[in-house]
Amino acid sequence: MIFFKKMRGNGQSPPRVSLVEICWSWIGSFIGITAVALIHYKLLDQNGLLLLIGSFGASAVLIYGAIRSPLAQPRNLLGGHILSAFIGVTTFQWLGEYPWLAAAVAVSTSIALMHLTRTLHPPGGATALIAVIGGESVHKLGYLYVLMPTALGACVMLAVALIINNIPKNRRYPEFWL
Amino acid sequence: MRKVTNRCCGSIEISEPDIIEAMKDIQGYIDISPGDFKEVFQVAYTHAIQRIQNSLIATDIMTRSVHCVEHTMNLMQTATFLADKGISGAPVVDTEGHIVGVVSEKDFLGKMGLGKSASFMQVIAHCLNNKGCMVTVLHNHFIQDIMTAPAITAGPAISIGAISELFIDKQINRLPIVDIEGKVVGIVTRTDLVQSYSVPR
């Protein structure tokens, strides 16, 4: 019975943030994704390279929308994406014949590794998964996928977060670096 | 330690509405549910109490110039000594300075037949009602006859949390601090303990 009782939950949701806060979250994520998308479409895409991967959309939620969260700190943003990208590429190269298995191993292993290294960053799971299911264009990057798009994109997002999140008086970012 | 914590300080309860109000005051999305925060707060609070209770030990707060009475003194000498020093009790030591017991007002009251929890007003009431004084029964007696022995003592490293616990559990008002040989090096009274909590550290 306790088992089912636990499913009901007995907590409350945190309160809604102020409209000013929402505005700054919008501005930060708009500029962050703009920067990444511009680099992708104007510079890299013409050479068949890519910068835009879906997991940056998820990172934007954290580093512009929940900037106090431990999950949103630079250590987690960079560490989570880079380690997960590495795991994703490695997994695909070992288990690429069984995509369903490679997908599962990539995500679960990257979560474990992020936990171990205190770099848990939810979008990292997507970064690892994309390395497996991303198709030909991603696969042919090999370990370059770790550097670009992953590390480069994360750095651009971080730079925008550092600037935008520190403009309002009562916002500050990051909480910690290491 | 936890027992004391719950007894004296466990009652500060913050409610989830308090936390939600605080979250509204502090702008920005705080990535924790109010219930989890409450849990963290309560555990952290217990740790803080323990840290404070363990941060001071007997040597930090004890009175070092201890007025001891010798076990051979009679009760007149003892009462005179305690009155002169303005104290209500003292450790009892043998000729080499080893602690053998503690004597206090309670022991005198007990000997006078009033019970250890009697008060000064009861002595007055009793004396006035009986047109005589029960104090006379104390003549020709010695400390050894009334002292509480063996003494409840502790070493210099005992924490103030543990001292509080002893005061409550043993219902005592002073704790002689002794070295390994049993010689009195200090005493912690209730006053010392109260001051240790009020002095900014």
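Close-up 1. With 21 C-beta neighbours inside 10 Å, A:Leu71 counts as buried; the cut-offs are 20 or more other C-beta atoms within 10 Å for buried, 12 or fewer for exposed, and partly exposed in between, with C-beta atoms placed from the backbone. This is a predicted model, in which local features need pLDDT of at least 70 and side-chain atom pairs count only at pLDDT 80 or more, while totals for chains, interfaces and linings use all residues. Residues are numbered from 1 along each chain as its sequence is written, and chains are lettered from A and ligands numbered from 1 in the order in which they are written. Look for A:Leu71 in the loop between helix H3 (55–65) and helix H4 (74–95) of chain A; helices here are DSSP runs (H or I, at least four residues), strands are runs of E (at least two), and both are numbered from the N terminus. Which residues does A:Leu71 touch, not counting those up to four places away in sequence? They are A:Leu62, A:Asn76, A:Leu120, A:His121, A:Pro122 and, from the other chain, B:Asp31; a contact needs C-beta atoms, placed from the backbone, within 7 Å. A:Pro122 is 51 residues from A:Leu71 in sequence, yet their C-alpha atoms are 7.5 Å apart in space.

**Close-up 2. Helix H3 of chain A, mostly covered.** Of the 11 residues of H3(A), 8 are buried. They are A:Ser55, A:Phe56, A:Ser59, A:Ala60, A:Leu62, A:Ile63, A:Tyr64 and A:Gly65. What do these buried residues pack against? Their partners in chain A are helix H2 (19–44), H4, helix H6 (123–133) and helix H8 (144–164).

**Close-up 3. H3 beside H6 in chain A.** The axes of H3(A) and H6(A) come within 8 Å and cross at roughly 175°; axes are lines fitted to C-alpha atoms, for helices over the stretch in contact, and angles run from 0 to 180 degrees between N-to-C directions. H3(A) and H6(A) are therefore roughly antiparallel, as angles over 145 degrees count as roughly antiparallel, under 35 as roughly parallel, 65 to 115 as roughly perpendicular and the rest as oblique. On the H3(A) side you will find A:Ser55, A:Ala58 and A:Ser59, which meet A:Pro123, A:Ala126, A:Thr127 and A:Ile130 of H6(A). By class, this contact has 4 nonpolar, 3 polar and no charged residues; Ala, Val, Leu, Ile, Met, Phe, Trp, Tyr, Cys and Pro count as nonpolar, Asp, Glu, Lys and Arg as charged, and the others, Gly among them, as polar.

**Close-up 4. The largest nonpolar core.** This core has 41 residues, and A:Ile63, A:Ala106, A:Leu129, A:Ala131 and A:Met157 touch the most other members; a nonpolar core is a set of buried Ala, Val, Leu, Ile, Met, Phe, Trp, Tyr and Cys residues joined through C-beta atoms within 7 Å. Two or more residues each come from H2, H3, H4, helix H5 (99–116), H6 and H8 of chain A. Leaving aside neighbours within four places in sequence, A:Met157 is in contact with A:Gly32, A:Val36, A:Phe56, A:Ser59, A:Ala60 and A:Ile63. In soluble globular proteins, nonpolar side chains tend to be buried together.

**Close-up 5. Where chain B meets chain A.** Here 12 residues of chain B are in contact with 15 residues of chain A. Helix H2 (16–25) and helix H3 (34–55) of chain B each give two or more residues to this side, and H2(B) has the largest share, with 4 residues. The chain B side divides into 5 nonpolar, 4 polar and 3 charged residues. The model scores ipTM 0.70 and pTM 0.69.

**Close-up 6. H2 across H3 in chain B.** These two helices pack at an angle of about 105°, with axes 9 Å apart, which makes H2(B) roughly perpendicular to H3(B). B:Glu16, B:Ile19 and B:Ile20 of H2(B) make the contact with B:Pro34, B:Gly35, B:Phe37 and B:Lys38 of H3(B). The contact has 4 nonpolar, 1 polar and 2 charged residues.

Close-up 7. Chain B averages a pLDDT of 84, and 92% of its residues score at least 70.

Technical notes: Two residues are in contact if their C-beta atoms, placed from the backbone, lie within 7 Å. pLDDT is the predictor's confidence in each residue, from 0 to 100.
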